[in-house]
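Thanks for making time this morning.

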Amino acid sequence: MEFLKKLGISAQNAGVSTGTGWLDKSDSAPIAIHSPVDGNLIARVTPCSEQQYHQVAEKAQSAFLQWRRVTAPQRGEIVRQIGEALREYKQPLGELVSYEMGKSLQEGLGEVQEMIDICDFAVGLSRQLCGSTMHSERPLHRMYEQYHPMGVVGVISAFNFPVAVWSWNTMIAAVCGDAVIWKPSEKTPLTAIACQNIVQQVLIRNHLPEGLLSMVVGGPEIGELMLDDKRLPLMSVTGSTKVGRHAGQKVAARFGKSILELGGNNAIIVTANADLKVAVPGVVFGAVGTAGQRCTTTRRVIVHESVYDKVKESLVSAYGKLRIGDPLDENNHVGPLIDKDSVSNFVNAISRVRDEGGTLLCGGEVLQGQGYESGCYVTPAIVEAENHYATVQSETFAPLLYLIKYRGDVDEAIALQNGVAQGLSSAIFSLDMREVENYLAHWGSDCGISNVNIGTSGAEIGGAFGGEKETGGGRESGSDAWKAYMRRQTNTINYSAELPLAQGIKFDL
Ligand code: UN1
């Protein structure tokens, strides 16, 4: 495993970094990380203790006080150097993402590319953190709004994008003048350690304060400390709706702000006017890419009755051609699920949806034998189902696609698509501009992401990423998502020799 050495991962790793060094290992029992690819032990990590967490939070606070005085373009220069370092480590880091998390090497490299791209984006942004000026109603007064750094940002990320989601938050927060404490998923701490090793080189070389970009490996107890910590005015949390509901309430109770990226139940609508040559591969990649473990994964495909049988046949035939196996072997399309619990969730969801009346069209097996020793490989499944089934209404984080028929016009399909609690990503395949425009209109898709003639997953970093309803409402990554990482201030300046009051109020002494 050459990539482990290149990334500075040893058999036994400390799990707390201040951005410029590692804290001594705590007495906590080490976590053993096994690869879902082959079941082998990759390495052990000693998680953060409560006392270490407080140490990190204190250092982060004092680092913030220094960092906010560095000009934004200079902060951008540090992020530029981090982007350069990530370019250097793209190959080994992509391999580790694939080996620790189980996504295909192509997707692992794509994830690192997303990190590089967000660095570039943040560098440009560092000169464009623009407020606006407006006209005052009072003579010889100037009024404007400006954005100030906010403080220490807590980032809790999930296993499925073990490094990209951290970078979306961290690179933007860094140019905004914030310090960051990152708690990666305890299922994928090694990629996080590798990232810290890369970041540390840049921070040390530039003599930046310890605590600026920290990382703490730990379970829910560390997450709870962060949620309750008044030193963290903003929490960015990626995870299930259940986790996010709890996190959002806790942070709100202390008047903190949160960015929530929670579950999706993403649908693709295939209308009678779709180009099926484009639609079918779009559905297949959306449903089986990352073994169905993206929050943007296609969970439902809603197909017009006139093309239903054709789409069904093409999907089943495409699923038959999927090569499932070692994700580091580029011939394979689908790797393992993250762990055996995910495999049970997949198997149980299929049996529940069948009890509700669903018909399993293909897949659903747990693979055994040579190459599948980890017990985490499954064959992606398609189930004919109805939208109202309880199982269809909830997100199963696995390659399980529900095929749903609609009979009327596009409004019926849109109502089915919107008829779930989540609102992350959505797509329509149609060449009919009336169908497409109705779908994109404000009475159309209710999701944060709505695509035309491409699938639900694979968003680019340039647009704001996030969703509505139980997806949590947060926005990260591109566009003006940076505003969430800064505090806004309105300033009115009087350069007259009088004191006129707003709304014409008279107050003569
Ligand atoms: C996630 O699944 O948590 O749009 C994020 C995509 C990726 C990001 C997904 N760029 O599929």
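I will take the whole chain, then some of its strands, then the ligand shell.

Two remarks on the basis. This is a predicted model, in which local features need pLDDT of at least 70 and side-chain atom pairs count only at pLDDT 80 or more, while totals for chains, interfaces and linings use all residues. Residues are numbered from 1 along each chain as its sequence is written.

The C-alpha atoms of the chain fill a box of roughly 80 × 60 × 35 Å, taken along the principal axes. For 509 residues, a compact globule would have a radius of gyration near 23 Å, and the chain, with 24 Å, agrees with that; the radius is taken over C-alpha atoms, and the globule rule is 2.2 Å times the number of residues to the power 0.38. Of the 509 residues, 53% count as buried, where buried asks for 20 or more other C-beta atoms, placed from the backbone, within 10 Å of the residue's own.

The chain has 15 helices and 23 strands, which are DSSP runs numbered from the N terminus, helices being H or I with at least four residues and strands E with at least two. From UniProt, in an unreviewed entry, comes the feature "domain: Aldehyde dehydrogenase" at residues 22-490; such positions follow the numbering used here, feature names are shortened, and annotations may be inferred rather than shown by experiment. Over residues 22-490 the chain is 39% helix and 20% strand.

Turning to the strands, I call two of them paired if DSSP finds at least two bridges between them. Strand S4 (residues 41-46) runs parallel to strand S1 (residues 12-14), joined by 3 bridges, with Thr46 as the bridge partner of Ala14. S4 also runs antiparallel to strand S3 (residues 31-34), over 4 bridges, and here Val45 is the partner of Ile31. S3 and S4 form a hairpin with 6 residues between them, and Gly39 in the turn has a positive phi of about 80°.

Elsewhere, 3 strands form an open antiparallel sheet in the order S5-S6-S23. S5 (133-134) and S23 (486-494) stand at the edges with a single partner strand each, so one side of each is left without a neighbour in the sheet.

Finally, which residues are around the ligand? Among them are Asn160, Phe161, Arg294, Cys295 and Ser457, the criterion being a C-beta atom, placed from the backbone, within 6 Å.

Note on methods. Buried ≥ 20, exposed ≤ 12 C-beta atoms within 10 Å, placed from the backbone.
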